[in-house]
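Please read it alongside the sequence and the model.

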Amino acid sequence: MRLILTLAALLWATAAPGGAWLREQGTWFVSSSVLQGADGQSDGALYVEYGFRPGLTLGLKADANMVAGQLGGGSGFVFARLPIATGERPYKLAYELGLGATLGTETDPLVRTGLSYGRGIKWGERYGWLAVDAAVEWSLGDAPNTAKLDTTLGLTLTETNKVMMQAFVSSAGGDTSLTLAPSFIWQPRPKRPSYQIGLEAEQGDVALRLGLWQQF
């Protein structure tokens, strides 16, 4: 059973961004998404991972906030993710180091440190994965430090359909926010792009997310 869960988790990890699972050497994962709110604000996100060598994944993450077609702010960073040995335990651990900057009225450099936990799960006859990613973005300028905790629960419905439930907690400058994000992922054929449609709810505000995932 442990072997089955591990294999299922690895299959899920190759189709999902981030987490404790590292990319296979020489492979890429790219995802892009747009979040459209009812207030007219839209957010864009780009995420890239590359398996540089066994035990080392390199990546890039960028987010931009748009209001009425104008850039309102955002952030971007490059990172390296490395595994933490867990032996025969049924879960995986990894740590992350990154450099980047926040963008807004001013540009502030930042250092990102992170720790990820992931394991395969089984619910009835279906398999999926659980991922918990904790990170702190340390500002080197005047912006406050930001602590983040992201939890993802994913489940395979069929060979082409998957569902995810995510919870994002962010704390900066004494303010804490919680975002809940259910989504549906459809991959029409193996080794082809996956399409994501979902919702994000924060303090009563609901936004629509559309995303595209590709691995090669």
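**Briefing: salt bridges, core and surface**

R81 and E49 form a salt bridge through their side chains, with N and O 2.7 Å apart. R81 belongs to strand β4 (residues 70-84) and E49 to strand β2 (residues 41-53), so this pair ties together parts that lie 32 residues apart in sequence. Both R81 and E49 are buried. The model is a predicted one, and the points below are grouped by topic.

**Overall architecture**

- The protein contains 1 helix and 12 strands.
- Along the sequence, these elements follow the order α-β-β-β-β-β-β-β-β-β-β-β-β.
- Of the 216 residues in the protein, 34% are buried.
- Among contacts between residues at least 6 apart in sequence, 40% join residues at least 24 apart.
- The protein has an accessible surface of about 12100 Å², and carbon and sulfur atoms account for 62% of that surface.

**Salt bridges**

- The structure has 7 salt bridges.
- R81 also takes part in a salt bridge with E96, where the closest N and O atoms are 3.0 Å apart.
- This second pair links distant parts of the chain, since E96 is in strand β5 (residues 91-103) and R81 is in strand β4, 15 residues apart.
- E96 is buried, as is R81.
- A further salt bridge joins the side chains of K148 and E137, with an N to O distance of 3.3 Å.
- K148 in strand β8 (residues 146-156) and E137 in strand β7 (residues 126-139) are 11 residues apart, and the pair links distant parts of the chain.

**Nonpolar core**

- The largest nonpolar core consists of 10 residues: W21, F29, Y47, F77, F79, W129, A131, M164, I185 and W213.
- Strands β4 and β7 are the elements that give two or more residues to this core.
- Strand β4 also holds R81, and strand β7 also holds E137.

**Nonpolar surface patch**

- A nonpolar patch on the surface is formed by L157, F184, W186, Y195, I197, L199, V206, L208, L210 and L212.
- Together, the residues of this patch have about 870 Å² of accessible area.
- Strands β10 (175-186), β11 (194-202) and β12 (205-215) each contribute at least two residues to the nonpolar patch.
- Strand β12 provides the largest share of the patch, with 4 residues.
- I197, one of the patch residues, is located in strand β11.
- I197 has a relative accessibility of 46% and therefore counts as partly exposed, given that exposed means over 50%.

Technical notes. Residues numbered from 1 in each chain as written. Predicted model: local features only at pLDDT ≥ 70, side-chain atom pairs only at ≥ 80, totals over all residues. Heavy atoms only, no water. Salt bridge = Lys/Arg side-chain N within 4 Å of Asp/Glu carboxyl O. Buried < 20%, exposed > 50% of the residue type's maximum accessible area, 1.4 Å probe, protein only. Core = buried A, V, L, I, M, F, W, Y, C linked by side-chain atoms within 4.5 Å. Contact = heavy atoms within 4.5 Å. Areas by Shrake-Rupley, 256 points an atom, 1.4 Å probe, with all protein chains shown as cover. Patch = residues over 30% accessible without salt bridge, like charges linked within 9 Å, V, L, I, M, F, W, Y side chains within 5 Å.
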